[in-house]
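These are my notebook entries on one protein model. I set out what I looked up, entry by entry.

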Amino acid sequence: MTRLTQDIADRFAALTLSHLGRQFPYKMDLTYQGPEDARIPAEHHPVFHGSYDWHSCVHGWWQVMRLRRLYPGMAQADAIRDRADMMLVPDKVAGERAFLTRPTAGGFERPYGWAWLLALHAELARQDGPWAAVIEPLALDFAARFHAFLPKMTYPLRVGTHFNSSFALIHAYDWAKDRDPILQALIRERALAWFGQDRACQAWEPGGDEFLSSALTEALLMSRLLSRADFADWFGTFLPDLPTGQPATLFTPATVSDRSDGKIAHLDGLNLSRAWCWRGIAAALGADAPIAPIAEQAAIAHLDAALPHIAGDYMGEHWLASFALLALE
């Protein structure tokens, strides 16, 4: 399977609903200020206390809400709405906002969780329910954090994990369209300063615990910022040897040796996020671009390597379907 269908959507939604409210195990991002902080995760995070960690819960919500919109007749549609009506409510969102006021929470979920919360808000704004208005104050909190942080960020983070700058800015840029032109301009300015002169990328990846391609997420971000012609020029110098299948690592799905190891299981996510990037890059270049069929074949190879493993072990199960949706849609 290489494209999203209603059957796949139902299976993904059922899987994700099974852990959106699963409170344990849960990995907290918390600096203790005193013994009063020794509370269960749900007391710190009234909305996003499932799916093993905060950011996975956020993009789990993004995933099920997006699937509900794309397939309103799906079997899980009513269950998704009922869960949203129960969880995406003002008092619970107020609790999430209160966590951000902690003196030690300035770097909480930066920038990965910030970006996914904005993506969730953007998706909710396309829905027929009240949830976007409820979550908007939290989205504005994270947008403000981008405003404050990006001017201080002299250098980008090119890693393939949660700290990657390109992945976060893709989602933040999309959110800022028609909402926050100042943030949109700031993202554009920082990204062009960081990446505009990049040439002949070596693509030394993957690292052993990475779920993002540093090279391809950077390229996908630039495709959002540049015209088709300008992006084609930039991309041709960034990865000049792609027509000959080099760097080979970008065409080779990662091997996952132990899916019960949460870090090694990240590599299934790498395969899915690469497929998403390859397809987005091909679309940005246009169907007549020589690289387009090469990119589509690379995407299919990565999907084939990862999709059989969306479920089976909770270390991947709590998050992989979101990345599969990015790649399949």
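**Entry 1**

The model is a predicted one, in which local features need pLDDT of at least 70 and side-chain atom pairs count only at pLDDT 80 or more, while totals for chains, interfaces and linings use all residues. Residues are numbered from 1 along each chain as its sequence is written, and side-chain values use heavy atoms, with hydrogens and water left out.

I placed L226 in the loop between α10 and α11 (228–238); helices are DSSP runs of H or I with at least four residues, numbered from the N terminus. Setting aside residues up to four places away in sequence, L226 touches R188, L192, F231 and W234, where contact means heavy atoms within 4.5 Å. I also noted A284, which is 58 residues from L226 in sequence and 9.5 Å from it in space, C-alpha to C-alpha.

**Entry 2**

I recorded two values for each pair, since two packed helices are described by the angle between their axes and the distance between the axes. Axes are lines fitted to C-alpha atoms, for helices over the stretch in contact, and angles run from 0 to 180 degrees between N-to-C directions.

Helix α9 (residues 181–195) packs on helix α10 (residues 214–225) at an angle of about 130°, and their axes are 11 Å apart. The angle makes α9 oblique to α10 (under 35 degrees is roughly parallel, over 145 roughly antiparallel, 65 to 115 roughly perpendicular, and the rest oblique). The crossing of α9 past α10 is left-handed, that is, the near helix is turned anticlockwise from the far one by less than a right angle. On the α9 side I listed R188, A191, L192 and F195, which meet E218, L221, M222 and L225 in α10.

Helix α8 (residues 165–176) has an axis that comes within 8 Å of that of α10, and the two cross at roughly 25°. From α8, the contact uses S166, F167, L169, I170, Y173 and D174, and from α10 it uses T217, E218, L220, L221, R224 and L225. The passage of α8 across α10 is also a left-handed crossing.

A200 is partly exposed at 38% relative accessibility, whereas A203 is buried at 7%.

P206 lies in this loop too, and a cis peptide bond with omega of about 0° joins E205 to P206. I noted another cis peptide bond between R110 and P111, with omega of about -10°; P111 is in the loop between α5 (90–100) and α6 (112–124).

**Entry 1: the largest nonpolar core**

I counted 115 residues in the largest nonpolar core, and F48, W61, F146, F235 and F323 touch the most other members. Such a core is a set of buried Ala, Val, Leu, Ile, Met, Phe, Trp, Tyr and Cys residues joined through side-chain atoms within 4.5 Å. The core lies between domain 1 (1–152) and domain 2 (195–328), because both give residues to it; the domain bounds come from an automatic or database domain assignment.

For F323, contacts beyond four places in sequence include H59, Y112, W116, F167 and F211.

Technical notes. Buried < 20%, exposed > 50% of the residue type's maximum accessible area, 1.4 Å probe, protein only.
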